[in-house]
Amino acid sequence: MDGYSIKMTIFVFSIIKDTRMKKKIVVLSGAGMSAESGISTFRDTNGLWYNYKVEEVATPEGFAKNPELVLEFYNHRRKELLTVQPNLGHYGLAALEKDFEVEIITQNVDNLHERAGSSSVLHLHGELMKSCSVHNRNRVYDISPDHPEIHLGDKDSHGDQLRPFIVWFGEAVPMIEPAMRIVKSADILVVIGTSLNVYPAAGLLDYVRKRTPVYLIDPNEVKTHHIDIHIIKSGASEGVKQLTALLQKYIDLPDNDKVKAIQTIHP
Ligand code: OAD
């Protein structure tokens, strides 16, 4: 092969690589995703809602009544987050980006998907490592791991008290519409570690297009009216490993027609 042919072959292969169409996996994750990292779920035995009253620590009314208690609850959870690491489930989802377009919609307020390397993560219920103004939830600020607490009297530059950037019960879920659009665009939907108890997040499953394969990873039974679901009854780490093996059949190989078309241009 002469120099020109070698260059042309490299060029053709780079086009083939770029035109490979990756299928889109959309993941809906919940507290069980982070359980193996050491973060408590909410509704399992000894979950957070067994030890705290939702209305006291996760509602605007609770915050109005006892802001110190609420700030302390989230300060504690934020400091706990700084001591834990992503688990193999988080890393496994990040690794899927090699062969798929992966968009994650998470109900979790931790940042373990991002820390594992996932590049597209939408947080439905807010983020622990952010704060916002009590008067304007669109004014959002990063919280430094070096100063992970919010206290009464901590204010933004507008003079507003800061609060955790968390969607509390009874508050609007601004990210639900973008999340619906993402679910509608899924070629494959994967649900991991959520009891599907909390709406509107649980209702996202209704937006999946007909005949889209749906996988559900959870070590326990999850009640859903969707019947055509492939259940992987495992924890997140083992479940994502099994899922990765099952997904191999969806990996698109270079499209033969595209290869032929390129060969016609550069025989
Ligand atoms: P839940 O605590 O309701 O459900 C956790 C799910 O994780 C259950 O189905 C468990 O069986 C499953 N699970 C437990 N261990 C697991 C593991 N190792 N691997 C995989 N799954 C495991 O938590 P969510 O459904 O996420 O909202 O809760 C939804 C929302 O309710 C949360 O975002 C939070 C909470 O109140 C707010 O705070 C606004």
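Start with an open sheet of three strands, ordered β5-β4-β6 and paired in the antiparallel sense. Two strands count as paired if DSSP finds at least two bridges between them; strands are DSSP runs of E with at least two residues, helices are runs of H or I with at least four, and both are numbered from the N terminus. At the edges sit β5 and β6 (162-166), each pairing on one side only. From one strand to the next, the twist averages 45°.

Before going on, two bits of housekeeping. Residue numbers start from 1 along each chain as its sequence is written. This is a predicted model, where local features need pLDDT of at least 70, side-chain atom pairs count only at pLDDT 80 or more, and totals for chains, interfaces and linings use all residues.

Now select strand β4 (residues 126-133): three bridges join β4 to β5, and the two run antiparallel. Look for serine 131, which stands opposite tyrosine 141 in β5. Then bring up helix α5 (residues 67-81), which packs on the sheet and touches β4 and β6. The direction of α5 makes about 140° with that of β4; axes here are lines fitted to C-alpha atoms, for helices over the stretch in contact, and angles run from 0 to 180 degrees between N-to-C directions.

Next, click aspartate 142, in strand β5 (residues 140-142). Is aspartate 142 buried or exposed? Aspartate 142 is exposed, because 10 other C-beta atoms lie within 10 Å (exposed means 12 or fewer, buried 20 or more, partly exposed in between, with C-beta atoms placed from the backbone). Beyond its neighbours within four places in sequence, aspartate 142 contacts Met129 and Lys130; contact means C-beta atoms, placed from the backbone, within 7 Å. Draw a distance to leucine 128, 14 residues away along the chain: the C-alpha atoms are 9.4 Å apart.

Jump to the parallel strands. β1 (residues 24-29) pairs with β2 (residues 101-106) over six bridges, in the parallel sense, and isoleucine 25 stands opposite valine 102 in β2. β2 also pairs in parallel with β3 (residues 121-123), over three bridges; there, isoleucine 104 has valine 121 as its bridge partner.

Last stop: the ligand. Of the 25 residues around the ligand, Gly30, Gly32, Phe42, Gly193 and Gly235 come nearest; to be near, a residue needs its C-beta atom, placed from the backbone, within 6 Å. At least three shell residues come from each of domain 1 (21-39 + 87-125 + 174-267) and domain 2 (41-83 + 128-166), with bounds from an automatic or database domain assignment.

Conventions: Contact = placed C-beta atoms within 7 Å.
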